[in-house]
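Good morning, everyone, and thank you for making time for this.

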Amino acid sequence: MVRHRKRAIRVATWCVALVPAIAVAAPEQLCAGQLVQPGPDGRVLGHLPYIQVGASDLVPAPKGFALGQPCLIHRDAAPDLARLLHAAAGVPGVAGQLRAISCYRTIVHQRGVFCSQIGPGKRCADAAERARAVGPPGFSEHATGYAIDFGIRPSRGCADVDSCIAATVPGRWLLANAPGFGFELSFPSGNAQNVTWEPWHWRWVGNAITARGASRARAVFAVARYSFPASPAITDMTDRRRVAQVDRVPALPPKPPAKLAAR
């Protein structure tokens, strides 16, 4: 009996050794009291991880585009943004009305934006509810410098970052024309990431894989574009082949500092 028990223990130990170790990411401390475990694909509350772009890759957006805080964007996206605004300036009902609500945001600043509306008396009860409309720190496209939240002025009763922008003349013009300038809508209606429909949030990937900087931008968003396609989206045959090679989420970015930045 003892001999059989020892043999069973040896077999069990041998079988366990054959099972590959599964790497489990450490929980993310998004805000005070908001500890969240990343999913097996690296996402946190539906959002993919993004590394913060270096300051040397950022340039100011065209003058007069930003509202409130300055708008910095990735230098590769800047020429297409300028062309988009120039084209919009020639369209009645759109000219001069497209503005930037938010562009590049550091991970530290994103933490402040995300956490500021969580808690008693705030807009959201917890991180999961907040993540329906705002990317957690370290998991926002804004950190890449390629994403822009558009708004309109005058607002005509449509608040900033509200789906009503899609019913405005400038918003409809964006939906019809932004892809021609290299921008695609990151979070379409009914997206599988369970993020609210955001017709104001556009990311730049270039209108062709051969456009300057497009290959680098598309590499940043490769997982998102393959697993959670934009709509309207930008694709070409070369791009389809590149995206089809993606089979896993990239490594999680370093955790941001705990200190919050003032909005």
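I would like to start with strand β8, where both faces are covered: His-201 and Arg-203 on one side, and Trp-202 and Trp-204 on the other, are all buried. Buried here means under 20% relative accessible area, exposed means over 50%, and partly exposed is in between, with a 1.4 Å probe and protein chains only.

Residues are numbered from 1 along each chain as its sequence is written, and side-chain values use heavy atoms, with hydrogens and water left out.

Now to the neighbours of β8. Strands β6 and β8 pair in the antiparallel sense over three bridges, and Ala-147 stands opposite Arg-203 in β8. Strands β7 and β8 also pair in the antiparallel sense over three bridges, with Trp-204 of β8 as the bridge partner of Phe-183. Two strands are taken to pair if DSSP finds at least two bridges between them. The elements themselves are DSSP runs numbered from the N terminus, helices being H or I with at least four residues and strands being E with at least two, and the chain has eight helices and eight strands.

In one of them, the side chains of Glu-141 and Arg-203 meet at 2.7 Å, N to O. Because Glu-141 lies in the loop between α4 (127–130) and β6 (147–152) and Arg-203 lies in β8 (residues 201–204), this pair ties together parts that are 62 residues apart in sequence. Both Glu-141 and Arg-203 are buried.

Another salt bridge joins the side chains of Glu-184 and Arg-225 at 2.9 Å, N to O. Glu-184 lies in strand β7 (residues 183–185) and Arg-225 in helix α7 (residues 222–227), so this pair ties together parts that are 41 residues apart in sequence. Glu-184 is buried, with a relative accessible area of 1%, and Arg-225 is buried as well, at 9%.

What does the side chain of Asp-57 meet in a salt bridge? The partner is the side chain of Arg-216, at 3.5 Å, N to O. The two are 159 residues apart, with Asp-57 in the loop between β2 (34–36) and β3 (58–60) and Arg-216 in helix α6 (residues 214–220). Asp-57 counts as buried at 14% relative accessibility, whereas Arg-216, at 36%, counts as partly exposed. Together with Arg-75 and Asp-76, Asp-57 and Arg-216 are linked in a network of salt bridges.

The buried residues of α3 pack against β1 (28–31) and α4, where a contact means heavy atoms within 4.5 Å. In α2, the buried residues are Ala-78, Asp-80, Leu-81, Leu-84, Leu-85 and Ala-88. They cover an arc of only 165° around the axis, which puts them on the same side of α2, the arc being that of the directions from the helix axis to the C-beta atoms.

Finally, a word on confidence. The pLDDT, which is the predictor's confidence in each residue from 0 to 100, averages 86 over the chain, and 81% of the residues score at least 70. Over residues 4–22 the pLDDT is below 50, and beyond near neighbours in sequence this stretch has zero contacts in the model. Over residues 246–263 the pLDDT also stays under 50, although the model has 42 contacts beyond four places in sequence for that stretch. In general, where pLDDT is low, the predicted coordinates should not be read in detail.

Technical notes. Predicted model: local features only at pLDDT ≥ 70, side-chain atom pairs only at ≥ 80, totals over all residues. Salt bridge = Lys/Arg side-chain N within 4 Å of Asp/Glu carboxyl O.
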